[in-house]
Every structure is written in structure tokens, then in C-alpha cells.
Amino acid sequence: MITQTSNASLTPIQTDERVTSLDVMRGIVLCGILIMNINGFGLAFGYNDPSVLGGDTGLNLYTWMMSNLFFEGTMRALFSLLFGVGMFIFLDRLLKKGAGINAADIYFRRISWLLVFGLIHGYLLLWVGEILYNYALMGFLVYSFRNMVPKKLLIIGLLLMIIGTGWNYYDYRQDDKWFAKVEEADLALASGQELTKDLKEAKDSWEKRESKTSPEATEKFIEEMQKGYFSVLAHLAPINYDFNVNEPYRGDLWDVLSMMLIGIALFKWGILSGEKSSSVYWLIVGIGYPIGIAINYYEMKLVLDAQFSTLSFSESNLTYYWGRFFVAMGHVGLIILFCKSPFFGFLKTSLAAVGKMALTNYLMHSVICMFVFTGVGFGLFGQLERFELLYVVFSIWVFQLIISPIWLKYFHFGPVEWIWRRLSYMQKPPFRKV
């Protein structure tokens with residue numbers, strides 16, 4: 001028999017109920033993900049390929065290399081992992097309070113509002129790398145896995161990654177065949193032969209694909225991003241739409257849902273809450289980093305040796321999910337060891353504050369970068385080199401590490417967190433501390 005309780009007892013999580021290691025990890029990941037996102041905020045088509053914009057020599061190349069070895073994909077993986085854990089804790093807490101079927105109501109209302117926040121974030125705050133919408137969609141699926149034992153959650157998560165790897169392999173084989181036809185067409189043209197219909201179509205479609213990141217297209221993109229708010233909104237809306245329509249189907253099941261399920265498994269095993277001995281976390285670091293960095297280095301070398309060719313990026317995706325997974329696990333081990341250490345208490349407190357306000361701080365990234373890069377503010381889009389973008393990253397880090405603990409000294413939640421709880425529980429939680 002399901003126990004029913006009054007809605008008055010179903011209140012947002014209190015400070016003493018939080019898992020500190022998760023807050024610290026969330027704060028670190030939020031800072032880390034900006035290292036990658038800043039390339040989308042400030043560069044046209046330069047997120048993955050530094051040869052398009054941002055610079056591919058000197059400090060710019062080293063910045064790209066370090067980002068790809070340690071941050072690309074891994075921060076999003078950890079964000080997904082933490083989101084899955086957060087939703088599991090949210091549900092588990094409600095059920096332990098006797099919420100019964102009301103727990104499902106609150107959970108799905110919470111996820112639905114997150115989806116709305118994601119749409120607002122992507123379209124109105126002008127961020128085409130928006131992830132909340134995707135997390136919300138995957139969050140609807142997570143509910144059905146909440147009661148599974150950790151072993152099954154881990155197996156399903158890894159199976160999803162295997163499926164994603166298979167799809168990447170299929171895409172690479174198609175690209176490889178496509179490029180072979182382009183080379184055949186080039187040889188035919190060089191020898192004065194007339195192209196067959198098949199070769200002409202392959203060459204034309206390849207050139208059309210390459211032209212999307214041409215110097216002309218890049219310059220046009222920069223010009224559009226330096227216009228006023230509504231012009232930028234109209235320019236980015238089709239990109240956001242395409243991302244929202246295709247990414248959940250093409251990438252999120254293998255990229256996001258897999259890590260959400262693995263995160264819940266690790267939490268149920270007591271790994272993410274810091275319950276295991278330090279030797280366990282050193283083992284995770286010792287396994288995760290060597291394997292993950294080796295895979296990421298292999299992918300990076302493929303791209304560098306091919307001078308950032310389109311086909312090399314496609315080939316590097318064959319092992320993408322596994323490099324990011326193992327490096328992410330190395331990060332998990334290192335972060336928990338950091339949490340368990342007696343040092344850097346002030347930094348841990350600040351990072352935990354950033355993590356408690358993760359949604360507010362995540363949206364704040366977009367607001368700040370809107371003013372820094374688009375025509376709404378300084379219009380620096382496309383004007384900074386890749387390594388120079390890190391100055392913006394460090395400035396935002398310092399600001400949020402200072403302002404977050406100050407804010408939480410006077411308020412129970414970040415402003416967006418409070419709104420989200422208000423909408424989820426359909427009651428007004430306390431905001432200002434007495």
C-alpha cells in the first residue's frame with residue numbers, strides 16, 4: 001500500500017541533507033565545462049577544429065591539445081553523471097518521506113520545467129551548445145531505471161556506449177567511401193576525364209559540406225554574431241532548432257543517458273559520496289587516466305597528422321566515447337581524493353557553493369558571454385584567439401567562486417534553483433536566510 005502524505009512535508013532538500021562531495025564535484029565540472037563551451041561562445045565553427053578559427057599554432061595549438069586530452073567530452077560526461085545522481089537522490093528522498101505517487105508528479109514536473117528552461121536558455125540566451133533541454137529529455141527516461149541494481153545500470157550504460165560507437169563507425173565508413181569518390185573525381189579531372197554522375201554528385205556534396213566552414217562562411221557568421229540581440233536570435237534559432245531535433249536522437253542516448261545511468265550506479269556503490277577508502281579512488285585514477293589519455297592522444301594524433309581534415313575528425317570519433325569515459329572516471333577519483341584531503345578547505349567551500357548554484361551559474365555563463373561576444377555588448381565574437389578565450393574563462397571562474405558563497409550566506413538557494421523548486425513543488429520554499 002502506498003503511503004500518502006501532505007504536500008507540506010514535501011519540501012526542497014535542506015543544507016544538511018546534501019552530499020558535499022557531489023557539490024564540490026559539480027562546482028569543478030561547471031568550471032571545467034566552460035573551458036570547452038567558451039570556444040562555442042567566442043568562435044565560429046572552431047569548437048573542434050582550430051584551423052577554422054582561433055589559431056592552430058603556438059599557444060593556440062597547445063590550448064586545443066590540452067582541452068582535447070582532459071576536458072572535451074569529459075566535463076559533459078561528468079555533468080550527465082551528476083545529473084543522473086541528482087535526479088535519483090531527488091526521487092529517493094521524496095519516496096523516503098512517503099510521497100508515494102506524488103513523487104512521480106513532482107519529478108516529471110521538475111523535468112518538464114527543466115526542458116522549458118533549456119529552450120529559454122538556447123533561444124533567448126543565445127547559446128547553441130545548450131544542454132538542459134537534452135538532459136530533460138533523457139531525464140524522462142531515467143525514471144524507469146531508478147530501482148535497478150548498480151551492476152545492471154553499469155551494463156546498460158556501457159551497452160549504450162557500444163551502440164553509439166557502432167553508429168560512429170557506420171558514419172566513418174560512409175565518410176571514408178564518400179572521400180574515396182572525391183579523390184577518384186579529382187584524379188579523373190586531373191587526367192581530363194569527364195566525371196560520372198555518381199562522382200560528380202559526391203564531389204559537389206563534399207565541397208558543399210566543406211564550404212560551411214570556409215573563410216567566407218566563417219566571416220559571415222562572425223558578422224551575424226556581432227549584430228544586435230534580435231538579429232543574433234534570428235541567426236541562431238535555426239541552429240538551435242536543428243540541434244534540438246537531431247541531437248537527442250543521434251547523440252544523447254549514447255552520450256548523456258549512458259553516463260546518467262553509470263552515475264546512479266556509482267552513487268549506489270558509495271563511490272561518488274566518498275564512502276570508499278582512498279585506495280579505491282587511487283585505483284580509479286590509476287586505471288582511468290592512463291587508458292583515457294592514451295585513447296584521447298591517439299585521436300588527437302590522427303587529427304594532427306591529417307592536418308585537421310574532415311575525415312580525420314570522423315575517424316577519431318570511433319573511440320570517442322571510451323576516451324571520454326575513462327578520463328571522466330579518472331577525474332571522479334581525483335576529485336573525491338581532493339574532497340577527502342584536509343587541504344584547501346576554503347577552495348572546497350567555494351567550489352561547493354558554485355555546485356549548489358550550478359543551474360544559476362551555468363545560465364550565468366551564457367548571460368556573461370552574450371555581453372562579451374555578441375553585438376548585445378562588446379561584440380568580441382571571432383576576435384580572440386583560442387588561448388585568449390581562457391582569460392574570459394578564468395575571469396568567470398574567479399567571479400563565481402567569490403560571489404556564490406557570498407550569495408549562499410544570505411539565501412538558501414541560487415535564484416534559478418529557487419524558481420525551479422517553486423515550480424516543481426508548487427509551493428513557495430524559503431529563500432532568504434533569517
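What span should the 24 residues of helix α4 (residues 101-124) have at 1.5 Å a residue, and how far apart are its end C-alpha atoms? The first legend takes this up, and the others visit further spots in this predicted model.

**View 1. Helix α4 and the residue that follows.** At 1.5 Å a residue, helix α4 should span 34 Å, and its end C-alpha atoms are 35 Å apart, which agrees. Most residues other than glycine have a negative phi.

**View 2. Helix α15 and its buried residues.** Helix α15 runs over residues 386-410, 25 residues in total. From its first C-alpha to its last it reaches 37 Å, close to the 36 Å expected at 1.5 Å a residue. The buried residues of α15 are Arg 386, Phe 387, Leu 389, Leu 390, Val 392, Val 393, Ile 396, Gln 400, Ser 404 and Leu 408. As you trace these side chains, you will find them packing against α1 (20-42), α2 (58-70), α13 (345-356) and α14 (358-373).

**View 3. Phe 387 and its contacts.** Here we zoom in on one residue of helix α15, Phe 387, which is among the buried residues of that helix. Leaving aside neighbours within four places in sequence, Phe 387 is in contact with Leu 59, Asn 60 and Thr 63. For a sense of distance, pick out Phe 230 as well: Phe 387 and Phe 230 are 157 residues apart in sequence, and their C-alpha atoms are 29 Å apart in space.

**View 4. Helices α6 and α9 side by side.** Helix α6 (residues 150-190) packs with helix α9 (residues 229-268) at an angle of about 160 degrees, and their axes are 8 Å apart. An angle over 145 degrees counts as roughly antiparallel, and α6 and α9 are therefore roughly antiparallel to each other. Their crossing is left-handed. Sorted by class, the contact of α6 with α9 has 17 nonpolar, four polar and three charged residues.

**View 5. The crossing of α14 and α16.** The axes of α14 and α16 come within 6 Å and cross at roughly 120 degrees, which makes α14 oblique to α16. This crossing is right-handed. From α14, Ala 358, Leu 359, Thr 360 and Leu 363 meet Pro 415, Val 416, Glu 417 and Trp 420 of α16. The residues of this contact divide into six nonpolar, one polar and one charged.

**View 6. Ser 366 in helix α14.** Staying with α14, we turn to Ser 366, which is found in that helix. Is Ser 366 buried or exposed? Its relative accessibility is 2%, so Ser 366 counts as buried. Not counting residues up to four places away in sequence, Ser 366 touches Phe 41, His 121, Leu 125 and Trp 127. Ser 366 and Gly 122 are 244 residues apart in sequence, yet 9.1 Å apart in space from C-alpha to C-alpha.

View 7. Phe 308 lies in the loop between α10 (278-305) and α11 (310-316), and its phi is near 65 degrees, a positive value in a residue other than glycine. Met 426, found in the segment after α16 (415-425), has a positive phi of about 55 degrees although it is not a glycine. With a relative accessible area of 11%, Phe 308 is buried, whereas Met 426 is exposed, with a relative accessible area of 57%.

Terms used. Residues numbered from 1 in each chain as written. Predicted model: local features only at pLDDT ≥ 70, side-chain atom pairs only at ≥ 80, totals over all residues. Heavy atoms only, no water. Axes fitted to C-alpha atoms, helices over the stretch in contact; angles between N-to-C directions. Helix = DSSP H or I, 4+ residues; strand = E, 2+ residues; numbered from the N terminus. Parallel < 35°, antiparallel > 145°, perpendicular 65-115°, else oblique. Left-handed = near helix turned anticlockwise from the far one by under 90°. Nonpolar A, V, L, I, M, F, W, Y, C, P; charged D, E, K, R; others polar. Buried < 20%, exposed > 50% of the residue type's maximum accessible area, 1.4 Å probe, protein only. Expected span 1.5 Å × (residues − 1). Contact = heavy atoms within 4.5 Å.
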